[in-house]
Amino acid sequence: MMHLRFPGRLFRFSRSCLLLFFMSSCCFLPHARAQDLDKPLQNIDDEVTAFRFASDGRIVYSVRRTLKTKKYDLQHDDIWLLENNGKRRRLLQGDKFNRGNEPFSYAVDAFQWSPNARQILAQLFTTSVVDESGRTQDSIMTLALEDSGKEIHFGKGESTIQDCYNATWLQDNATLIYLTEAVKPRILFSFRYFNIATGPAGPAFEGRTFIDSDRIPGTNAAIAVERDRALSGPPRLQHLELLAQDATEVATLDGYEGGLSVSPSGTRVAYFVDREVLEVRDLTAPDHFVRLRVGLGVFHWAPGETRILLKRAIERKSGDLVWIAIPPLPAQLPGKEIPVLQPTPQPIFHDLTFREFAISPDGRFLGVVLPGKRNLMVFPLPG
């Protein structure tokens, strides 16, 4: 019997081999000590694969589910919604979600909410059987749902978009923009539009290629890292007006390793320039920035934007959570050496490790997924 499973990911677009996932699914990491995680506000006692807070405090999350056929063991995640009153509703029953006649597995990779918190995009990592010999092919698709669980059919067609990475809704709650591979495998991307009423709506910033992007909250703009298709020039930080398709260069970067994240106010951006150094830049005065030696990891902005919460491990790997204070952003003079500061990390939850985490949009709550059983717990954001 053939088994279709899913690996972890390195930042948004890179993955390790499937064999590593087989091994990790059998060899769980130790559970966090229960006495150190007393009295969460919510505890989803299930194997959670991804989750995201909505602007109104609700949480969409996915749960790993398996199903058997005569030839294959498949994974088809369920999607659930946790209401503010603690009630849970299943939005998608995985064993009833099928596309075409060929067997396939999928795991939910990430979620995005629409600005009105009524529509959801679920990014799925899929493995499909493509011929009678059992040869498989991996791909990314994005599924659109209403918060009632009803699938959203674009232009009265499919509710999924193939080769669709990092999709987000524009402010009209009807148009989405996403990245699709321009240079494989997942090296450079280009932008495309999709619309609920009309379906595919064509390319954006045609002819230009990007490594990564992140939306500026509450706007139809984004910050992106652009790189030419030949990979001959340096990465350039760009401010993109997504409807007008206007681009303004913010800065030329010395390097880019990943993790691009715009602050909640839209006035700062942070990213790793290499596997050790995080750069934090003022978008209103781009020559004002600071470099911090914190080690490669995953981070989220805290309220006030004077610190970040960093998981000291790459995505889908477990690590401890530490606060990193962001000092004032000084003007950096051209031609002068840029100092690299080494802040003192402030741990939370002692030495416990977590697989995933997120801070709610209002800055009040922290959601964490524990290694091993992978249940989701929600706490007041620690100080």
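The following exercises, with worked solutions, concern a predicted model.

**Exercise 1.** Determine the strand order of the open sheet formed by 4 strands, and identify which strands stand at its edges.

*Solution.* Begin with the order: the open sheet runs β5-β6-β9-β10, with antiparallel pairing. Next, consider the partners: β5 (48–53) and β10 (88–92) each have a single partner strand, so one side of each lacks a neighbour in the sheet, and these two stand at the edges. From one strand to the next, the twist averages 25°. Finally, examine the pairing of β5 with β6 (residues 59–63): the two run antiparallel and are joined by 5 bridges. Within this pairing, Ile59 of β6 is the bridge partner of Phe53.

**Exercise 2.** Classify the aromatic pair formed by Phe97 and Tyr106.

*Solution.* A pair of aromatic rings is described by the distance of the centres and the angle of the planes. For Phe97 and Tyr106, the centres are 5.4 Å apart and the planes make an angle of 80°. Angles over 60 degrees count as edge-to-face, and the pair is accordingly edge-to-face. Both residues, Phe97 and Tyr106, are buried. Ring pairs also link Phe97, Phe104 and Tyr106 into a cluster.

Conventions
Residues are numbered from 1 along each chain as its sequence is written. This is a predicted model: local features need pLDDT of at least 70, side-chain atom pairs count only at pLDDT 80 or more; totals for chains, interfaces and linings use all residues. Side-chain values use heavy atoms; hydrogens and water are left out. Two strands pair if DSSP finds at least two bridges between them. Axes are lines fitted to C-alpha atoms, for helices over the stretch in contact, and angles run from 0 to 180 degrees between N-to-C directions. Rings of Phe, Tyr and Trp (its six-membered ring) pair if their centres lie within 6.5 Å; planes under 30 degrees apart count as stacked, over 60 as edge-to-face and the rest as tilted. Buried means under 20% relative accessible area, exposed over 50%, partly exposed in between (1.4 Å probe, protein chains only).
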